[in-house]
Amino acid sequence: MTYESDIKAQGDEPVAVTLDGNTIGEPAEERSRTRLYVIIGLALLAAIIAAYVFLTMGAEEEVADRGSQAPAITVVSPGRTTVEGQIVATGVLAARREAPVGVVGEGGRVVSIPVEAGDWVRQGQVLAVIDRSVQSQQARAAAAQVEVAQADANLAQSNLDRALQLVERGFVSTADVDRLTATRDAAVARVRVAQASLSELNARNARLNIVAPSAGLVLERNVEVGATVSAGSGALFRLARGGEIEMLAQVGEEQLARLSAGVSAEVTPVGTAQTFTGQVWQISPTIDARNRQGTARIALSYDPALRPGGFATARILSGTTTAPLLPESAVLSDSQGSFVYVVDDENKVQRMAVETGMVTSDGVVIESGISGNEKIVLRAGGFLTEGETVNPRSASE
């Protein structure tokens with residue numbers, strides 16, 4: 001018997017019948033095409049999902065890599081500190097009141113020098129003796145003239161006394177008495193002239209001794225025994241009155257304006273670790289136009305370690321100030337001025353211009369530019385660039 005494989009509905013349209021998962025009546029080519037489309041769609045969906053996952057994981061890894069590669073930087077938040085103001089200055093030591101001593105008389109050959117440099121002397125003490133053999137003979141002659149004048153005055157006085165006794169008896173006239181009185185007065189005057197001449201010679205001879213005008217320390221001795229000296233020989237000795245020493249500290253124009261007489265200072269001579277406490281007693285009223293510096297004169301008590309002419313360093317107190325205090329390694333400078341690097345909330349480095357003040361043993365005072373609450377790069381600022389991401393670490397950690 002013959003059967004038709006197609007089941008037709010009304011109108012001769014074929015009806016698809018599914019038998020065991022196979023569609024009866026559907027063409028095999030159409031079924032293959034549909035299956036291919038489904039497979040392609042699933043493959044595309046899987047590819048999209050895989051790409052999304054890959055890109056997301058790569059971005060996270062990139063962020064993680066960037067975070068792990070950011071340099072670890074030590075930062076500090078200095079706050080505000082009360083700083084005892086100090087001005088460091090250098091200068092030379094000198095006698096506070098120096099007294100040059102030279103020849104005040106006629107001069108001559110030096111025969112004796114009883115003092116040496118470094119000796120303490122009292123006021124009026126003989127420093128050097130000049131030969132006075134000729135002057136001594138002149139003084140003896142003047143003394144003899146005083147005796148002659150005195151003898152003439154005595155004789156004139158005796159003649160006057162006798163005449164006064166005879167004038168009452170009428171043997172001597174009044175005119176003779178007047179003449180004798182004038183002779184007596186002239187003789188007395190000659191005595192006074194001779195005495196004045198003698199005193200002058202003695203004073204000249206006394207000036208041949210070179211004496212200390214005041215008590216103090218002999219700083220220099222510029223004469224030797226046998227030398228011929230005169231009023232034009234210059235200073236033979238130099239004394240420090242009372243042994244008082246001072247330091248002539250050279251201070252910048254701006255710093256000098258912050259000083260006043262009476263502030264304390266610590267002076268350290270070069271070559272020694274010993275420190276001497278002094279006081280600023282005078283501020284220079286002028287500024288050197290060449291180096292824009294003035295002089296602060298620091299009074300010091302005598303000490304053998306303080307040698308006039310030596311070099312020294314002074315730390316002068318100049319009041320207190322409250323400001324951020326940073327280590328020197330945190331403060332950088334270039335052609336635009338001083339600055340620091342600040343780490344912001346996004347861990348990025350930002351440049352901040354600052355104005356520096358005094359430099360102390362604890363660091364640099366920042367007068368303006370920061371409040372002290374910022375996170376400031378402590379070290380390695382020279383290797384950073386503005387905007388760079390860093391990994392900040394507190395200095396306390």
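How many bridges pair β8 with strand β9, and in which sense? I looked that up to get going, keeping in mind that this is a predicted model. The answer is three bridges, in the antiparallel sense, with β9 covering residues 209–211.

A reminder to myself: strands of a sheet pair through backbone hydrogen bonds, either parallel or antiparallel.

**Entry: a sheet of four strands**

Next I looked up an open sheet whose order is β5-β12-β10-β7, with antiparallel pairing. Which strands sit at its edges? I noted β5 (98–101) and β7 (120–121), each of which pairs on one side only. Inside that order, β10 (residues 216–221) meets β12 (residues 237–241) over five bridges, in the antiparallel sense. Glycine 216 is set opposite arginine 241 in β12.

I went on to β14 (residues 264–269) and β15 (residues 276–283), an antiparallel pair with four bridges. Valine 267 faces phenylalanine 276 of β15 as its opposite residue. These two strands make a hairpin with six residues between them, and I stopped at glycine 271 there, which takes a positive phi near 95°.

β15 also pairs with β16 (residues 293–300), where I found four bridges and an antiparallel run. Glutamine 279 stands opposite alanine 299 in β16.

**Entry: two helices**

How do the axes of α2 and α3 cross? I have α2 at residues 133–167 and α3 at residues 174–206, with axes that come within 8 Å and cross at roughly 165°. Angles over 145 degrees count as roughly antiparallel, so I wrote down α2 as roughly antiparallel to α3. The crossing is left-handed. I also sorted the residues of the contact of α2 with α3: 19 are nonpolar, twelve polar and three charged.

**Entry: a sheet of three strands**

Then came an open sheet in the order β18-β23-β22, where the pairing is antiparallel. Its edge strands, each pairing on one side only, are β18 (325–326) and β22 (355–360). I checked β18 against β23 (residues 363–368) and found two bridges, antiparallel. Leucine 325 has valine 365 of β23 standing opposite.

**Entry: the largest pocket**

Which element gives the largest share of its lining? That is β22, with four residues. I noted that β4 (81–95), α4 (253–256) and β22 each supply at least two residues.

For the record, I listed the lining by name: Gln86, Ile87, Val88, Glu254, Gln255, Arg258, Thr356, Gly357, Met358, Val359 and Glu367. I sorted these too, and the lining divides into four nonpolar, four polar and three charged residues.

Conventions: Residues are numbered from 1 along each chain as its sequence is written. This is a predicted model: local features need pLDDT of at least 70, side-chain atom pairs count only at pLDDT 80 or more; totals for chains, interfaces and linings use all residues. Side-chain values use heavy atoms; hydrogens and water are left out. Two strands pair if DSSP finds at least two bridges between them. Axes are lines fitted to C-alpha atoms, for helices over the stretch in contact, and angles run from 0 to 180 degrees between N-to-C directions. Angles under 35 degrees count as roughly parallel, over 145 as roughly antiparallel, 65 to 115 as roughly perpendicular and the rest as oblique. A crossing is left-handed if the near helix is turned anticlockwise from the far one by less than a right angle, and right-handed if clockwise. Ala, Val, Leu, Ile, Met, Phe, Trp, Tyr, Cys and Pro count as nonpolar, Asp, Glu, Lys and Arg as charged, and the others, Gly among them, as polar. On a 1 Å grid over the protein atoms alone, a cavity is a set of points where a 1.4 Å probe fits but cannot get out, and a pocket is an open set with protein on both sides within 12 Å along at least five of seven lines; lining residues have an atom within 4 Å of a point.
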